[in-house]
Structures are given as C-alpha cells and as structure tokens.
Amino acid sequence: MTAERRCDLSAREESARTRLLALLRRHEARHRLIPHPPEGRTGLVSALRGHPLEQAAKCIVVRVKITRNSSRYVLAVVPGDRRVALDGIRELWAGRRAAFADRVTAERLTGCVSGSIVPFTFDPDLELVVDPALLEHEEIFFNAADLALSVALDVRDYVRIARPRAESISEVA
C-alpha cells in the first residue's frame, strides 16, 4: 500500500469515526468505547473486547445485480458467529445475483477501511439490512470505523437511530 493510499484511508477512517461518534452523542445513545490493539477480524476482535461472538455486528457490503445494467449495494449486518447468506439478499432485492462488493467499493460507500465498517449507512447508495438474530441481545459490538477502537451499543438505541430493515440474511458459519 502506498503512503498516499494510507493517508487517504486514514482520513476517511477519521471522518467515519467522527461522524459515527457524533451521531451516537446527538441521539444520546447508551454506548461505551473500547480501545484495543488494531484488529478487524471478527473472532479476534471479539476476544479482545471480551464478549460472545454472536454479539459482534459483522458488516459486509454486498452488490446485488438487479438487471444487466443496474446494481444495488447493501450493507449486510449479521452476528459474528454467522455468515452472510448471499442468496437471501439476492432474493430480498429480486436480483439476478449477489456477491461481496470489492474492497475499493466497500470502502468508498462506507467511508471505512475493511475490517472497521460500522453498522450504519451514511451514503444514500448503500441500503442497510440487519439479521434479527443480532438484535436479540442487549448490546452489540463493532469497530468504530477504526481498527483500534470499538463501540458497545445498546440494541434499542441502535434500532432507534439506524432504523435498519430486519431480515433473515445469515446462515451458520
């Protein structure tokens, strides 16, 4: 990775983190910040934060091909112990196929580096859908658009602020 790309990613990460934390403060969300060594892999960062894997909000950008010439992008949020069910997402959007978005597109749409994507959308071209299994807990955990900082967020506040579409979009990993 070039120094220029690192600076660009760092600036976007800072902006996304600032935007996220301002959103949580503005809505008086019950949350806490958890600093930890830099890590973006769900299993490892969950251990660092000290919570069960099923409370981790794993955030994946999915491209749904609707027609030959059109696509939609979806931010799929699933529990950390599950994986995104691409066929389920394809069916929800009546698409022809669904696949993980490439890294550059995911980072552009979320403003976050891979591994630190937050379960909120700030881009109108990115639709949010969350697996209801994640919403069964009192708190969810996710990186705060920063590989070295996480958020523990009250689920009721997450739903109130993010207003996610809740659909079964995961399968056992």
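How many disulfides does the structure hold? It holds zero disulfides, where a disulfide is a pair of cysteine sulfur atoms within 2.5 Å.

Before going on, a word on the model. This is a predicted model, in which local features need pLDDT of at least 70 and side-chain atom pairs count only at pLDDT 80 or more, while totals for chains, interfaces and linings use all residues. Residues are numbered from 1 along each chain as its sequence is written, and side-chain values use heavy atoms, with hydrogens and water left out.

## The chain as a whole

The secondary structure comes to five helices and ten strands; helices (H or I, at least four residues) and strands (E, at least two) are DSSP runs, numbered from the N terminus. The C-alpha trace spans about 45 × 40 × 30 Å along its principal axes. For 173 residues, a compact globule would have a radius of gyration near 16 Å, and the 15 Å of the chain agrees with that. Here the radius of gyration is taken over C-alpha atoms, and the globule rule is 2.2 Å times the number of residues to the power 0.38.

Buried residues make up 47% of the 173 residues. Buried means under 20% relative accessible area, exposed over 50%, and partly exposed in between (1.4 Å probe, protein chains only). Contact means heavy atoms within 4.5 Å. Among contacts between residues at least 6 apart in sequence, 71% join residues at least 24 apart.

Cys59 is in no disulfide, and the nearest cysteine sulfur, that of Cys112, is 8.5 Å away. Cys112 is likewise in no disulfide, its nearest cysteine sulfur being that of Cys59 at 8.5 Å. Cys59 is buried, at 11% relative accessible area, and Cys112 is buried too, at 1%.

Cys59 also leads us to the largest pocket. This pocket is lined by 21 residues, and Cys59, Ile60, Ser114, Gly115 and Ile117 lie nearest its centre. Its volume is about 370 Å³. On a 1 Å grid over the protein atoms alone, a pocket is an open set of points where a 1.4 Å probe fits, with protein on both sides within 12 Å along at least five of seven lines; lining residues have an atom within 4 Å of a point. Grid points are joined across faces, edges and corners, and a volume is the space filled by probe spheres set on the points.

Which elements build the lining? At least two residues each come from α2 (42–49), β2 (57–67), α4 (103–110) and β7 (139–143). Strand β2 gives the most, with five residues. By class, the lining has twelve nonpolar, six polar and three charged residues. In this scheme Ala, Val, Leu, Ile, Met, Phe, Trp, Tyr, Cys and Pro count as nonpolar, Asp, Glu, Lys and Arg as charged, and the others, Gly among them, as polar.

## Residues worth a look

Ile34 sits in strand β1 (residues 31–35) and counts as buried at 13% relative accessibility. Not counting residues up to four places away in sequence, Ile34 touches Arg49, Phe141, Ala148, Leu149, Ser150 and Ala152.

Arg83 belongs to strand β4 (residues 82–84) and is partly exposed, with a relative accessible area of 43%. Beyond its neighbours within four places in sequence, Arg83 is in contact with residues including Lys58, Val78 and Ile169.

Arg90 lies in helix α3 and is partly exposed at 22%. With neighbours within four places set aside, its contacts are Val64, Gly95, Arg96, Arg97 and Ala98.

The table gives C-alpha distances for these residues.

| Pair | Separation along the chain | C-alpha distance |
|---|---|---|
| Ile34 and Arg17 | 17 residues | 13 Å |
| Arg83 and Ala99 | 16 residues | 13 Å |
| Arg90 and Ile169 | 79 residues | 9.8 Å |

## Two alanines with positive phi

Most residues other than glycine have a negative phi. Ala94, which is not a glycine, has a positive phi of about 50 degrees. Ala94 is placed in the loop between α3 (86–92) and β5 (97–100) and is exposed, at 62% relative accessibility.

Ala145 also has a positive phi, near 55 degrees. Its place is the loop between β7 and β8 (149–154). Is Ala145 buried or exposed? Ala145 is buried, with a relative accessible area of 0%.
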